[in-house]
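Colleague: Please go through the model with me, one feature at a time. I would like the cut-offs stated along with the values.

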Amino acid sequence: MKRVFIAEKPSVAQQFATALGVRGSRQNGYIESGDDIITWCVGHLVTMSYPEVYDPEMKRWKMETIPFIPEDFKYEIIPAVAKQFKIVKELLNREDVDRIYVCTDSGREGEYIYRLVDQMAEVPATKQKFRVWIDSQTDEEILRGVREAKPLSEYDSLSDAAYLRAKEDYLMGINFSRALSLKYAWKIREYLGMDKCVIAVGRVMTCVLGMIVERERSIRSFVPTPFYRVLAQVGKKPEEADNTTLFEAEWRAVEGTKYWNSPELYKENGFKEKEKAEALVKELDEPIPVTLKVEKLTKKTEKKNPPLLYNLAELQNDCSRIYKINPSQTLEIVQELYEKKMVTYPRTDARVLSTAVSKEIHKNLRGLSAYPELGSYASYVVEKNAYKGLEKSRYVNDKQITDHYAIIPTGQNVGQAGSLSAVKAGVYDLIVRRFLSIFFPPAEYQKVAIELVRNGEHFFANFKSLLKPGYLMIADRNYGKKKEAKDGTEAKNGTEAKEEEGAERMMDPEEAARLVEGLRKGSVLSCNGFAIKEGTTSPPKRYASGTLILAMENAGQLIEDEELREQIKGAGIGTSATRDAIISKLVKNQYIALNQKTQIITPTFLGEIIYDCVLYSIRGLLRADLTASWEKGLAGVAGGTISSGEYLTKMTDYVTKYTNYVKGLNNQNQITRVFDQTKPFYEGKSKAKTAKKKQKQE
């Protein structure tokens, strides 16, 4: 008897063929040699049927035909891949095949792809079916996955969650998109002069649109508030002739002083009005000589551990920030690296390793010793046995892993890095650096805090020095390189000099030592005057593609209600496998604009209009807590803690309730008035763009 291995796509099938030693000629849609047959899907082979398959009347969008909640869902073969489905069906049902190994992607969507094929191909339950679950496409991992394959039935809960996710998106998309389009689309067409308009609504997509629009509107309505800080120019001891200013110290109101909790303050370190700051300076200028006494001086060593390993969201954020590529491009690159056996499975939410993997991690390290960029560091870790005890560190936690562990380099095919494009090589380098850094000690900083007093008022200065770089030698790509800081000075050790409100000043250890040499409580320092520095409050930052991915992953943090936030802790909007596609779909629908150079995301006027239509109808679709709780519910189904029947009932009740609610609304004129409030902003934006274009032409 024979066994069939079914992969998600041809390239993965070829990897399995190589690992299993299946050398037969490539037939039409499969490879067969001896007792093994390897075949593949081409992504999805089966899809859910459109509503008109249930009832021809459903083809035309009418209020009378919704809510549409079928008792039994129908599925059909995707015409473009019908030929491959037929091949797969015949192979799975061959009489000489008694074992089937499911090798689709190890996750919810991969499970769904095979289960639909199994359902439509009517594969007999008498055949033995096994699930191959792997974390990389190395030969070793593939062989392990086959050897340790579990009965497919052990993944039935994951399959239930996959079916429910599809049903949920299907029912919400069909019912809510039709209801809102029938109710408001004609108004939008009329308002914008469009030939046609469909309001596309989705469980995750609409919530993400809401996040973007709400951020934009908070920026638009933001009113800058000026504030005035008082800074002391601190010099050497009064008896020293040189009156060079050594550092600036910032005034702050502290408990028991004149301005503590004063309504004249903006926060505790600035005034709302410049006149008040000037009055303070006048008070401080007397008596002469102007000196400051050290009230407190503290030195402490602080250690900063290497960050946790990459999951997909963290990697997408860094790639957006460093390489200005969008999340879809990042996933595409990491998927390619995965298929080249260079990194582990990319679609993961975990930032830690499993105990089992940690015990074999020396293999990854030995392979990386041949990586030109960082091979010496990998060799050092192996030679010094620095990987020993990894399983007891914070980088290993079985409880924090659902489907897959963090993205790490496999240590294989490192020679291919040299043939990659600059961006692809850069992405691989990020993964390698993050991985290697966990085997190196923390970075050590010395922090110095000085509190000074003048006329009962307190001034503060904070300094930070890098004592031991530790893991930064690997993790920081710019470590040891000199670069120009924003103020024109030279920044060292990859740390950019910057001045921000209340920020610690970075300096060399030697400079810091000279600064505090001989200082102690009671020391008196000269003051070369007081400066008033004007600042202005800043609006929230727009989302970049990477920060939006992180916000989706950490949706629970957006919820103000503490109890509810705790309830859906760990739940995000969408999954690591779908978040990039959601952003891409919003761009395609022209609801948002993505600047390819900066990766900054802004809503379009149409996007804001769609947002308002949802806001005044099915407001819950914009709520991060509700969307995240649905995702958590699906995770509960996958984990076996929530029954699929219970979840389906709640979901269909929600769709029915709000579809009927929209049908009963009569607020189109109110919606138009809301559109009018946003229109002037986009008209002004359009005029400015036209003027800029004209100026450029001239």
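**Helices, burial and backbone**

Modeller: Glycine 145 is placed in helix H5 (residues 139-147); helices (H or I, at least four residues) and strands (E, at least two) are DSSP runs, numbered from the N terminus. This is a predicted model, in which local features need pLDDT of at least 70 and side-chain atom pairs count only at pLDDT 80 or more, while totals for chains, interfaces and linings use all residues. Residues are numbered from 1 along each chain as its sequence is written, and side-chain values use heavy atoms, with hydrogens and water left out.

Colleague: Is glycine 145 buried or exposed?

Modeller: Buried means under 20% relative accessible area, exposed over 50%, and partly exposed in between (1.4 Å probe, protein chains only). Leaving aside neighbours within four places in sequence, glycine 145 is in contact (heavy atoms within 4.5 Å) with Val132, Trp133 and Ile134. Its relative accessible area is 2%, so glycine 145 is buried.

Colleague: What is the angle at which helix H12 and helix H13 pack?

Modeller: Axes are lines fitted to C-alpha atoms, for helices over the stretch in contact, and angles run from 0 to 180 degrees between N-to-C directions. For H12 (residues 361-368) and H13 (residues 375-383), the axes are 7 Å apart and the angle is about 140 degrees.

Colleague: Which class does that angle put H12 and H13 in?

Modeller: Angles under 35 degrees count as roughly parallel, over 145 as roughly antiparallel, 65 to 115 as roughly perpendicular and the rest as oblique. The angle for H12 and H13 is about 140 degrees. Therefore H12 is to H13 oblique.

Colleague: Which residues of H12 and H13 make the contact?

Modeller: H12 contributes Leu365, Arg366 and Leu368. From H13 come Gly375, Ala378, Val381 and Val382.

Colleague: How do the residues of the contact of H12 with H13 divide?

Modeller: Ala, Val, Leu, Ile, Met, Phe, Trp, Tyr, Cys and Pro count as nonpolar, Asp, Glu, Lys and Arg as charged, and the others, Gly among them, as polar. By that scheme the contact of H12 with H13 has five nonpolar, one polar and one charged.

Colleague: Which side chain does the side chain of glutamine 233 join in a polar contact?

Modeller: Glutamine 233 lies in strand S9 (residues 226-234) and, at 15% relative accessibility, counts as buried. A polar contact is a pair of N or O atoms within 3.5 Å; within protein, one must be able to donate a hydrogen and the other to accept it, and residues adjacent in sequence count only if both atoms are side-chain atoms. At 3.1 Å, the partner is glutamate 248.

Colleague: How many residues of helix H20 are buried?

Modeller: H20 covers residues 605-615 and is largely enclosed by the rest of the structure. The buried residues include Glu608 and Asp612.

Colleague: What is omega for the peptide bond from isoleucine 66 to proline 67?

Modeller: Proline 67 lies in the loop between helix H2 (51-54) and strand S5 (75-77). The bond from isoleucine 66 is cis, with omega near 5 degrees.

Colleague: What is phi of glutamine 590?

Modeller: Glutamine 590 is found in the loop between H19 and strand S18 (592-594). At 55% relative accessibility, glutamine 590 counts as exposed. Although glutamine 590 is not a glycine, its phi is positive, about 65 degrees.
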